[in-house]
Amino acid sequence: LNWVLSELNGQLGAARIVIAILEALVLMIVALGEAAVKVYAAISMGQLLENHRILGAIGSYVGFAAIECILAGILNHFVPVYKITELNADGFTIFQIEMLVTLLVTALLAAIYWFISYRILDRRLNLQ
């Protein structure tokens, strides 16, 4: 670990390492929140089925994951990294752009899952 940090410090500098670590921590926190809200949205959607609620929740989660994979493929197709490298950007700048895009997409997905959960619980909540 000391060797890796000394090599990174020599190539990037201490300030860039700290920025990268902070960006990664923020992304992990947002991704953890997104995962929790996705589970909650899947459970909420599963409750819409009368007889097979658990199966509906599992199916909703799998459907959400499939939609995320499709959206990631579309995003990677329209925002390719090789276009960024044509701008003569260094590796750290490309890393920061990718982290920012990933953070924004993850936050957007968390907001969408929260809205799905909110609407279902607001409109369809049955406290029997």
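In the predicted model, residue A42 is in contact with A57, S60, Y61 and F64, leaving aside residues up to four places away in sequence.

Helix α3, spanning residues 53-78, packs against α5 at an angle of about 145 degrees, and the two axes lie 13 Å apart. The crossing of α3 and α5 is right-handed. On the α3 side the contact is formed by F64, E68 and L75, and on the α5 side by V101, V105, L109, Y113 and I116. Sorted by class, the contact of α3 with α5 comprises seven nonpolar residues, one charged residue and no polar ones.

Two aromatic pairs are found in the structure. F64 and Y113 form a tilted pair, with 4.9 Å from centre to centre and 50 degrees between the planes. Because F64 lies in helix α3 and Y113 in helix α5, this pair ties together parts that are 49 residues apart in sequence. F64 and Y113 are both buried.

The pair of W114 and Y118 is stacked, with a centre-to-centre distance of 5.2 Å and an angle of 15 degrees between the planes. Both W114 and Y118 lie in helix α5, where they are four residues apart, about one turn of the helix. Y118 has a relative accessibility of 42% and therefore counts as partly exposed, since that class lies between the limits of 20% and 50%.

Notes: Residues numbered from 1 in each chain as written. Predicted model: local features only at pLDDT ≥ 70, side-chain atom pairs only at ≥ 80, totals over all residues. Heavy atoms only, no water. Contact = heavy atoms within 4.5 Å. Axes fitted to C-alpha atoms, helices over the stretch in contact; angles between N-to-C directions. Helix = DSSP H or I, 4+ residues; strand = E, 2+ residues; numbered from the N terminus. Left-handed = near helix turned anticlockwise from the far one by under 90°. Nonpolar A, V, L, I, M, F, W, Y, C, P; charged D, E, K, R; others polar. Phe/Tyr/Trp six-rings, centres within 6.5 Å; stacked < 30°, edge-to-face > 60°. Buried < 20%, exposed > 50% of the residue type's maximum accessible area, 1.4 Å probe, protein only.
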